[in-house]
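Work through the exercises below with the sequence and the structure open. Each task is followed by its solution.

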Amino acid sequence: LRVEALLEDDDYREFLAYEERAFARAVVSGFAGSLAPGDGLSEAQERELVETMYVESQKVYASIGYDPTSRLEFPADMDPETVSEKMEIIDSILHNSSERSRGSLSETQLKVYNDYLRTYSENAEKLILKRVGTGSGLK
């Protein structure tokens with residue numbers, strides 16, 4: 001059975017919205033966990049950061065004609081050039097999300113957010129390249 005067949009229309013739309021924001025939720029959750037206890041995010045800030053990152057990802061995808069749902073891609077199936085292209089997409093999303101989040105975060109939170117996003121990007125590229133089977137940097 002498909003999920004669509006199990007849920008009412010409104011519930012299915014809510015499920016899709018939840019699924020579409022998985023990447024943003026994962027990044028924001030990691031960031032939230034990296035904050036010092038006194039600098040934690042409110043629930044409203046978390047929701048806003050997730051939504052901002054989702055909206056920015058949709059803008060980036062639309063600007064390059066990319067549909068992330070069109071096919072599932074595995075790092076083992078990528079070559080270094082494809083990894084570089086994917087990292088440019090991810091970096092654009094992260095950069096745009098950071099820029100749009102300036103008014104939602106304190107100065108301290110924003111600094112940690114930018115540091116977290118930079119480290120996230122660097123680690124993602126290293127991990128993907130390792131799975132591709134190369135050890136060389138692309139930038």
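Predicted model: local features only at pLDDT ≥ 70, side-chain atom pairs only at ≥ 80, totals over all residues.

**Exercise 1.** Find what the buried residues of H6 pack against.

Solution. Start with the buried residues of H6: Gln109, Leu110, Tyr113, Leu117, Ser121, Ala124, Glu125, Ile128, Leu129 and Val132. Their packing partners are helix H3 (22–34), helix H4 (43–64) and helix H5 (80–100).

**Exercise 2.** Classify the aromatic pair formed by tyrosine 116 and tyrosine 120.

Solution. The model has 5 aromatic pairs. In this one, the ring centres are 6.4 Å apart and the planes make an angle of 35°. Planes under 30 degrees apart count as stacked and over 60 as edge-to-face, so the pair is tilted. Both tyrosines lie in helix H6, 4 residues apart, about one turn of the helix. Residues three or four places apart in an α-helix point the same way, because there are 3.6 residues a turn. Tyrosine 116 and tyrosine 120 belong to one aromatic cluster with Phe23, Phe31 and Tyr113.

**Exercise 3.** Is tyrosine 120 buried, exposed or partly exposed?

Solution. The relative accessibility of tyrosine 120 is 24%. Buried requires under 20% and exposed over 50%, so tyrosine 120 counts as partly exposed.

**Exercise 4.** Over which rings do the charged ends of arginine 21 and arginine 25 sit?

Solution. For arginine 21 it is the ring of tyrosine 54, at 3.7 Å from the ring centre. For arginine 25 it is the ring of tyrosine 18, at 3.5 Å from the centre.

Notes
Residues numbered from 1 in each chain as written. Heavy atoms only, no water. Buried < 20%, exposed > 50% of the residue type's maximum accessible area, 1.4 Å probe, protein only. Helix = DSSP H or I, 4+ residues; strand = E, 2+ residues; numbered from the N terminus. Contact = heavy atoms within 4.5 Å. Phe/Tyr/Trp six-rings, centres within 6.5 Å; stacked < 30°, edge-to-face > 60°. Lys NZ or Arg CZ within 6 Å of the ring centre and 35° of its normal.
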